[in-house]
Amino acid sequence: MAARDPLSAPLDGLAAEPAVVSAVEDWWNWLAHERRVSPNTLDGYGRDLAAFLRFMAEHLGFPPGLPDLEGLTAADFRSWLARRSAEGLSRTSTARAMSTLRGFFRHLEKRGLASNPAVAGVRTPRIPKSVPKALDVAEALETVETVADFSDEPWVAKRDVAVLTLLYGCGLRIGEALSLDRGQAPKGDTLIVTGKGNKQRLVPVLPVVREAIDDYLAACPYGLESNDPLFVGLRGKRLDPGIVQKRMRDVRHMLGLPETATPHALRHSFATHLLAGGGDLRTIQELLGHASLSTTQRYTDVDSARLTAIYRAAHPRARR
């Protein structure tokens with residue numbers, strides 16, 4: 001049996017026969033160590049597959065073995081999709097779970113353990129096209145400035161400002177920002193960021209971003225070495241994303257911002273404001289670390305919506 005990965009909590013107590021559990025662990029370790037998927041993605045895959053196996057144990061009346069998985073029909077998979085729909089799970093979540101399932105069954109086939117062509121024929125729920133929700137420039141700047149008001153500890157206030165300034169000023173994902181170590185703190189005009197799939201990219205660093213981080217480090221009471229986390233919590237451990245998300249909720253309530261004003265919205269704002277200022281899609285794609293240009297092209301929808309609103313408000317022929 002493959003060695004268990006320390007991130008394997010979603011795989012504990014799988015509702016399946018030992019041969020299936022062993023196959024799942026092999027797949028898990030392949031994702032973690034050969035595909036090198038991010039911990040968050042790995043966690044999502046594990047939870048999706050564990051939920052599927054729990055459903056199938058109930059659906060079949062016994063924990064499934066490899067022959068049982070091979071014998072599943074399209075109707076069995078559709079029953080699982082119907083259960084997810086009845087539980088109110090989103091189409092986006094179900095589409096991801098279906099992708100997880102197909103990936104696992106492909107792994108089984110490559111290992112010569114089971115082959116099930118039915119899973120490939122099950123239609124994935126159509127995902128509604130989502131347009132990123134960005135803050136306007138004034139809201140983004142006010143968010144970064146206001147977050148300091150929610151901590152009585154001066155160094156924590158400076159930390160929160162530094163984190164949000166980094167998200168908005170460099171377009172980082174929250175996980176990318178919080179995974180930085182002290183030795184990676186920007187000293188010049190660029191920063192090397194490790195994103196999804198362990199891919200690295202170079203992003204420019206504005207002076208205001210560098211100054212905010214320097215200000216936080218000067219006030220931080222912990223003597224951080226090069227390999228220590230850049231952003232730490234009250235106990236000196238790596239800062240938890242939940243703390244940043246709570247800070248954004250606090251700011252959101254104080255400023256009357258919509259529910260979509262999350263830490264990730266600052267990344268969307270970074271891209272949208274660059275595009276509105278004349279940035280080209282290819283450059284923005286590189287800065288965001290998007291593998292596909294089609295992902296970045298969603299921001300053209302945001303900008304065209306803004307331009308349409310301006311046109312309707314200002315053009316003489318739009319007035320009736």
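## Basis and overall composition

Helices (H or I, at least four residues) and strands (E, at least two) are taken here as DSSP runs, numbered from the N terminus. On that basis the protein has 15 helices and two strands. The structure is a predicted model, in which local features need pLDDT of at least 70 and side-chain atom pairs count only at pLDDT 80 or more, while totals for chains, interfaces and linings use all residues. Residues are numbered from 1 along each chain as its sequence is written, and side-chain values use heavy atoms, with hydrogens and water left out.

Of the 320 residues of the protein, 43% are buried, where buried means under 20% relative accessible area, exposed means over 50%, and partly exposed lies in between (1.4 Å probe, protein chains only). The accessible surface comes to about 17100 Å², and 52% of that area belongs to carbon and sulfur atoms. These areas come from the Shrake-Rupley method with a 1.4 Å probe; for residues, only the protein chains shown count as cover. Contact means heavy atoms within 4.5 Å. Among contacts with a separation of 6 or more, 61% are accounted for by residues 24 or more positions apart.

## Nonpolar cores

A nonpolar core is a set of buried Ala, Val, Leu, Ile, Met, Phe, Trp, Tyr and Cys residues joined through side-chain atoms within 4.5 Å. The largest one has 41 residues, of which Leu164, Leu166, Leu172, Leu191, Ile213, Tyr216 and Phe231 touch the most other members. Two or more residues each are given to this core by helix H7 (137-146), helix H8 (154-170), helix H9 (174-178), strand S1 (190-194), helix H10 (207-219), helix H11 (241-255) and helix H12 (263-276). H8 provides the largest share, nine residues. A second, separate core comprises 34 residues, including Ala23, Leu31, Met56 and Leu69. In soluble globular proteins, nonpolar side chains tend to be buried together.

Tyr216, a member of the largest core, is in contact with Trp155, Lys158, Arg159, Ala162, Leu224, Leu230, Phe231 and Val232, leaving aside its neighbours within four places in sequence.

## Cavity and pocket

Both kinds of space are located on a 1 Å grid over the protein atoms alone: a cavity is a set of points where a 1.4 Å probe fits but cannot get out, a pocket is an open set with protein on both sides within 12 Å along at least five of seven lines, and lining residues have an atom within 4 Å of a point. Grid points are joined across faces, edges and corners, and a volume is the space filled by probe spheres set on the points. A search of the whole structure finds one cavity of 30 Å³ or more. The largest cavity holds about 30 Å³ of space and is lined by Val147, Asp160, Val163, Leu164, Val244 and Arg247. H8 and H11 each supply at least two of the lining residues, with H8 giving the most, three residues. By class, the lining has four nonpolar, no polar and two charged residues; Ala, Val, Leu, Ile, Met, Phe, Trp, Tyr, Cys and Pro count as nonpolar, Asp, Glu, Lys and Arg as charged, and the others, Gly among them, as polar.

The second largest pocket has a volume of about 330 Å³. It is lined by 16 residues, and those closest to its centre are Tyr168, Gly169, Cys170, Leu206 and Phe270. The elements that contribute two or more residues to this lining are H7, H8, strand S2 (200-204) and H12. Its lining comprises eleven nonpolar, four polar and one charged residues.

Val24 lies in helix H1 (residues 18-35) and is buried, with a relative accessible area of 0%. The C-alpha atoms of Val24 and Leu108 are separated by 8.9 Å, although these residues are 84 residues apart along the chain. Thr100, in helix H5 (residues 91-110), counts as buried because its relative accessible area is 4%. Beyond residues up to four places away in sequence, Thr100 touches Trp27, Tyr45, Asp48 and Leu49.

Thr41, in helix H2 (residues 39-60), is partly exposed, with a relative accessible area of 28%. Thr41 and Gly197 are 156 residues apart in sequence and 9.8 Å apart in space, C-alpha to C-alpha. Thr260 occupies the loop between H11 and H12 and is also partly exposed, at 36% relative accessible area. Not counting residues up to four places away in sequence, Thr260 touches Lys133 and Ala265. The C-alpha atoms of Thr260 and Ala134, 126 residues apart along the chain, are separated by 8.2 Å.
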